[in-house]
Amino acid sequence: MSTKMKWQVAFGALAMCLVVGTFFILISEPAKISSHNDITDDWIGDQVDENELPTVQTAEQLHHLIKQSYEKQRQNMQNESLAVEEAEMVEVPAAGSADMAGDGSERAFKEEGSLDSVEDYSGTNVQVQGVDEADVIKTNGEYLYQVQGKNVQVTQIYPASEMELIDTLTFDDQFYPNQLYLDHEHLVVIGAHHIPMLRPENMGSIERADTPSTAEEAKSHASESQMIPHQSMTKAYVYAIDDPSDITLVREVEIEGGYLTSRKIGSSVYLLTNQFISFHDEKGEVMDGERIPKPLYSDTTQADQAQEEYQQLDYGDIAYFPGGEFTSYLNIAGFNLNDDQPVQLSSYLGAGQNVYGSQDHLYVSITQYDPDRDDDKRYTEIYQFAWEDSQVTYNAKGEVPGHLLNQFSMDEHEDHLRVAVTSGDMWNEQNISKNHLYVLNHDLQVVGKVEDLAPGERIYSVRFMGDRGYMVTFRTVDPLFVLDLEEPTAPSLLGELKIPGYSDYLHPYDENHLIGFGKETEVHTEKGHDGSEREFAVETGMKMSLFDVTDVHNPKEKFVEYIGDRGTHSELLHNHKALLFSKKRNLLAFPAQVREISQKDQERSPLQSHGAFTFQGALVYDIDLDNGFQQRGGITHLTSQDKNNPYWHEQQNFVQRIIYVNDTLYTISKGAIKANQLDNLDELNTLSLPEIQH
């Protein structure tokens, strides 16, 4: 690569990040400098409690902190070797996105409901029992709530013979719903809200835009809004659903920034956003401290202020992490669905990347880069917050070398945090990748570790179950590592299994078995220009593995199921919420797009042939320890016309989710809800849905 091209890559990457405004979360190994110098020490002052974070007290201090960060970033991007290294090392982690139970006795999903008319129904597959995660659909067993383009549709699904669309929730033209929460009393709709750019000098009392009341007003509003610069907000609409036929809007909560993730514990909802801080105005001039925006928020239940105004945080309410990077705010908002207490907003100079939540604590991680370090220059900072009844309080900060894959790389168990990371680079012989497991105490200090696993590979999936940890790494084969975590200060490697392929996602079956979902691979060799041979792996289709870890020193792949050929894929591989699993019903289902290679194509070019599209829909399996995976069948919503257009990834009739209610299996797409008998998959009813509004 020429020097000119290297500079183009470096500055092109920086420009893209600045435009989108989410510099820290687009790439899993961001080019951030945090050399732990003393640039912020002049501003810290005397702290009453060493566990408390310093806060921004004045506009001058905010300007100073941000200016120092931008100067460091500019120095970083001017380092040619670093720019090229970062451009070539970008990896997109599995969504977590990117977002399991603490031990083998806890389910990583909700299996049962308690409505009078419904005995049993499935819920969202979440990471930690009792910590709900938002998804595109939610159900209480009788009604289904579904994000549909710019709307949310409410459907009665039980009994299956009486399915009908009963309501459609609409929003203003600049709100884009994407995820939902549901309990017996409330529906929460979370999405992106674009509002006209609010100038810092005019932020005394900022009016919120009125929601258009007619189609004509909405059209006029949309036309006008296209000519006005916008800024990104994250908004939550709260509805009372006591009467599903008469859903009532009761609250609106809005905070500035792009949506990072959220959690719901009991009646408390927590929203996290990343808010990019612009240091220059529209003319490209550096803004003084008074003009640098502070986080905005609004809450229609706040009785002490006009409901149609945005509010700003005070400088004293913005904290920062000494030695960190200050070109974004991490905003954390908490509010309770059962009371009218105002939203509690905490803001920190910094950003969030991967988020893990236990019932007691929130953990936010961000990968940093320090060129002055002697060891691995990439490391991950982890921040721990306590959360309870909508209140979020900072507790501690820790760090580990390397970078996390996704939210499943973290797990809290008995007052310790376990973290799995990859350091180095798979293709850099001078700093070859290695994989590690660290155990941190309540103060986020490392107290135990297992290091240097699988050199030359990187982590593809992690699963923690009580006193054990499971890690899958990959380059040409798939080692499954079994880790003993019973003694936090002395974790150890118990056993490993090497098989072809890899698992992107691990799910517990019981305390001695887990299910892996991933890809099958073939290993091939090729000769380089110097005549040396290099091994590489080629994906050949999806696969499921049932691992037996009863003998921790000798884990086994007890059963395996292969699905399709090269090009076969499932959302489950990067989004755990797409899985339906019930051990008591021996049920496993997920959406998949299947491709198959003809014998002729395979013989012509085995390394380059991708399968022809043959199926999209729900794959449904029986699963048990005696017979492994037994496919019950597949359920598709596709018409013959759809099958001729398999490349449109947002097809109206692509199955997104699968749920069950009592003995009925429901498959949900944007175009229909289909009900089938759970045991034999005989079709019971199909409800066609109106075309979605984009």
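User: A salt bridge is a side-chain nitrogen of Lys or Arg within 4 Å of a carboxyl oxygen of Asp or Glu. By this rule, to how many salt bridges does the count come?

Analyst: This is a predicted model: local features need pLDDT of at least 70, side-chain atom pairs count only at pLDDT 80 or more, and totals for chains, interfaces and linings use all residues. Residues are numbered from 1 along each chain as its sequence is written, and side-chain values use heavy atoms, with hydrogens and water left out. By the rule above, the number of salt bridges is 18.

User: Glu-520 and Lys-543 meet in a salt bridge; how many residues apart are they?

Analyst: The N to O distance is 3.4 Å. Strands are DSSP runs of E, at least two residues, numbered from the N terminus. Glu-520 lies in strand 30 and Lys-543 in strand 31, so the pair links distant parts of the chain. The separation is 23 residues.

User: Which residues have the most contacts inside the largest nonpolar core?

Analyst: A nonpolar core is a set of buried Ala, Val, Leu, Ile, Met, Phe, Trp, Tyr and Cys residues joined through side-chain atoms within 4.5 Å. The largest one has 34 residues. Those with the most contacts inside this core are Phe-385 and Val-419.

Definitions and conventions. Buried < 20%, exposed > 50% of the residue type's maximum accessible area, 1.4 Å probe, protein only. Helix = DSSP H or I, 4+ residues; strand = E, 2+ residues; numbered from the N terminus.
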